[in-house]
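The following report describes selected features of a single structure, shown below.

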Amino acid sequence: MTPPPPQPPPSGPNPAADSAADPRPGPGPLVVLFGATAGALGQDLGSDETDLILLVWQVVEPRSRQVGTLHKSLVRAEAAALSPQCREASGLSADSLARAEPLDKVLQQFSQLVSGDVALLGGGPYTLCTDGQQLLRQVLHPEASRKNLALPDTFFSFYDLRREFHVQHPSTHPARDLTVATMAQDLGLETDATEDDFGVWEVKTMVAVILHLLDGPSGQLFSKPEVVKQKYETGPCKADVVDSETVVRARGLPWQSSDQDVARFFTGLNIARGGVALCLNAQGRRNGEALIRFVDSEQRDLALQRHKHHMGVRYIEVYKATGEEFVKIAGGTSLEVARFLSREDQVILRLRGLPFSAGPADVLGFLGPECPVTGGADGLLFVRHPDGRPTGDAFALFACEELAQAALRRHKGTLGKRYIELFRSTAAEVQQVLNRYASSPLLPTLTAPLLPIPFPLAAGTGRDCVRLRGLPYTATIEDILSFLGEAAADIRPHGVHMVLNQQGRPSGDAFIQMTSAERALAAAQRCHKKAMKERYVEVVPCSTEEMSHVLMGGTLGRSGMSPPPCKLPCLSPPTYATFQATPTLIPTETAALYPSSALLPAARVPAAPTPVAYYPGPATQLYMNYTAYYPSPPVSPTTVGYLTTPPAALASAPTSVLSQPGALVRMQGVPYTAGMKDLLSIFQAYQLAPDDYTSLMPVGDPPRTVLQAPKEWVCL
């Protein structure tokens with residue numbers, strides 16, 4: 001069969017042939033894109049977490065210098081309320097947005113119209129071009145993630161017109177400070193000042209700037225597009241030094257959140273490989289904080305704009321952090337950990353509560369053949385104490401998300417007589433857990449709370465102090481001094497005391513010691529309900545005794561004072577109601593010059609002639625986060641100090657024990673089944689006085705029999 005003769009080409013113009021024959025090199029088609037939200041505009045676009053309401057775009061063919069049709073589409077917003085700035089700039093109303101299409105429909109129309117315009121101008125793959133990075137990174141990607149929408153691949157690469165302009169004109173403003181108007185002004189372009197359609201003027205001006213740049217001498221324009229990572233890459237932190245300009249701290253995360261959840265919160269921004277480090281508390285559990293490392297400082301600055309954005313129903317606080325903090329959390333030098341994390345693209349799970357006798361075969365049998373561990377026994381990492389004793393924790397590697405999900409279904413399954421907890425984990429968490437166990441036990445250290453108050457708080461009933469209530473949590477001592485104004489001159493030396501809560505964060509309260517009761521009353525009358533950072537602060541007079549009660553863990557309310565837990569009748573004998581004044585163990589001048597950590601003794605020193613006992617103030621449970629007791633720098637006292645032991649508590653103590661140098665610690669709430677070994681394990685990180693265990697003395701009621709274990713112990 002003879003093939004038909006070839007048809008002659010059409011007589012009309014052929015844009016594809018013309019563009020192919022055009023000797024001028026250049027990138028493929030560009031889609032100039034402009035968008036707006038219902039909230040902030042300009043540099044703050046997307047910082048208030050509002051929905052997209054407008055998209056305007058136009059296709060430009062750089063090689064033929066042809067321009068397609070300009071399109072404008074409104075987007076229906078879930079929250080129809082418009083900010084005054086948006087309403088004034090756009091002229092839109094809530095009624096017009098209510099009749100618009102939702103975001104998924106608008107994106108479908110966008111793809112169809114752009115494909116048609118690109119085909120008319122010659123075809124080929126196209127790339128988006130925007131004014132800055134906020135539209136894609138801060139608006140489109142986060143909103144699509146919140147609404148569970150899958151963006152087309154074309155939204156994961158784009159050209160930033162500000163950067164392209166700065167390449168050809170580096171002597172002008174910095175790239176982040178440029179706007180469409182300033183770029184047109186620097187190029188001397190004439191724009192249509194009569195155009196009042198919101199978004200249309202911006203797109204037309206951007207197209208004019210692009211065509212002018214293409215006619216310039218630089219050949220590097222539109223050659224390296226910006227890339228938005230589609231997936232967070234897990235892995236260990238291999239850098240010894242991390243740039244502090246690339247790290248942020250996220251606070252308020254749900255405790256069950258994983259590194260993938262954190263990466264999804266920052267979707268649109270490029271996180272470095274293994275750049276999510278979930279922080280652990282003193283007990284080795286997640287504390288709701290994470291350190292995130294980005295690829296550059298510009299991504300970090302955009303991440304800071306997501307302060308108080310939401311993850312589910314919780315808002316997340318985002319602050320600056322340092323590279324040293326990230327390396328401390330995510331870094332490590334263990335060869336065992338390095339080998340374990342050398343396998344890339346693996347899902348890590350943490351197993352907790354394993355029997356101490358469990359080995360690799362037991363763990364593999366517990367997980368079952370339906371969720372095999374990568375590498376078998378080599379894919380398991382058991383956490384051990386420095387002396388080789390198992391801790392009951394282990395980490396396991398899985399090749400894909402499906403296998404990890406199957407393993408998570410074994411959560412709280414039994415191995416032997418114990419139930420096993422399974423959680424998602426990260427490479428940074430593996431490093432933290434191994435580093436923590438290798439350096440010291442997970443039990444909290446008592447060094448910080450046992451630091452004595454570096455200056456005396458003289459007891460008295462005169463109301464020569466003032467209490468500030470309702471302070472902003474970000475308030476510093478300098479803010480308090482500025483708030484008091486002229487009254488700040490009447491503050492005693494070391495007289496500003498910030499009150500911390502049990503998490504070690506500011507509680508919103510502070511106490512000020514004034515030179516006299518008259519000065520305190522005058523300061524209260526002058527500053528009561530005065531504003532500090534958009535919050536009014538209550539200023540009321542109080543006595544030194546009331547201040548001491550609060551600083552030692554008590555409460556001071558309208559119904560009177562509640563003593564600290566160490567003075568409650570239910571926790572101590574009646575003779576504990578009063579205590580002698582605390583002597584100054586560290587000179588005031590030294591305490592004023594050095595931070596509290598510098599005052600800790602490096603070695604054990606002889607105690608004062610009178611034995612002293614330590615009583616934790618705000619909480620009495622053993623496994624507490626003792627960082628709550630660090631003082632606020634530079635002049636606040638600790639909330640736990642040396643309390644003189646009442647004579648009645650020492651009556652039953654042998655003279656041979658009390659004569660030894662050291663300090664007496666009373667432990668309350670000890671389980672009745674606790675033995676000598678259990679008590680010694682608590683103090684395994686500290687120096688006990690003798691080695692024959694005679695320093696442990698049971699304190700019990702006289703009627704108790706020998707077979708009944710006491711509930712309280714005194715330890716020297």
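In helix α7 (residues 180-187), Val180, Met183, Ala184 and Leu187 are buried, where buried denotes under 20% relative accessible area, exposed over 50% and partly exposed the range in between, with a 1.4 Å probe and protein chains only. Viewed down the axis of α7, its buried residues fall within an arc of 95°, so they line one face of the helix; the arc is that of the directions from the helix axis to the C-beta atoms. An α-helix has 3.6 residues a turn, so residues three or four places apart point the same way. The cover over the buried residues of α7 includes α6 (161-168) and α8 (200-214), as judged by contact, meaning heavy atoms within 4.5 Å. Just after α7, Gly188 adopts a positive phi of about 70°. Helices (H or I, at least four residues) and strands (E, at least two) are DSSP runs, numbered from the N terminus.

The model is predicted: local features need pLDDT of at least 70, side-chain atom pairs count only at pLDDT 80 or more, and totals for chains, interfaces and linings use all residues. Residues are numbered from 1 along each chain as its sequence is written, and side-chain values use heavy atoms, with hydrogens and water left out.

**Aromatic contacts**

The structure holds six aromatic pairs. Rings of Phe, Tyr and Trp (its six-membered ring) pair if their centres lie within 6.5 Å; planes under 30 degrees apart count as stacked, over 60 as edge-to-face and the rest as tilted. Two of the pairs are tabulated here.

| Pair | Centre to centre | Angle between planes | Class |
|---|---|---|---|
| Phe34 and Phe198 | 5.7 Å | 80° | edge-to-face |
| Trp57 and Phe110 | 4.9 Å | 75° | edge-to-face |

Phe34 lies in strand β1 (residues 30-37) and Phe198 in the loop between α7 and α8, so that pair links distant parts of the chain, 164 residues apart. Phe34 is buried, with a relative accessible area of 16%, and Phe198 counts as buried at 11%. Trp57 lies in strand β2 (residues 52-61) and Phe110 in helix α4 (residues 103-120), so their pair ties together parts that are 53 residues apart in sequence. Both Trp57 and Phe110 are buried, and together with Phe155 they form one aromatic cluster.

Charged groups also sit over rings, the criterion being NZ of Lys or CZ of Arg within 6 Å of the ring centre and within 35 degrees of the ring normal. Arg410 lies over the face of Phe366, at 4.5 Å from the ring centre, and Lys530 lies over the face of Phe483, at 5.5 Å.

**Sheet architecture**

An open sheet of five strands has the order β9-β10-β8-β12-β11, with antiparallel pairing; two strands pair if DSSP finds at least two bridges between them. The edge strands, β9 (271-280) and β11 (309-311), each pair on one side only.

Strands β9 and β10 are joined by five bridges, with Leu280 facing Arg286 of β10 as its bridge partner. These two strands form a hairpin with five residues between them, and Gly284 in the turn has a positive phi of about 80°. Five bridges also join β8 to β10; there, Arg251 has Glu289 as its bridge partner. Seven of the nine residues of β10 are buried, so this strand is largely enclosed by the rest of the structure.
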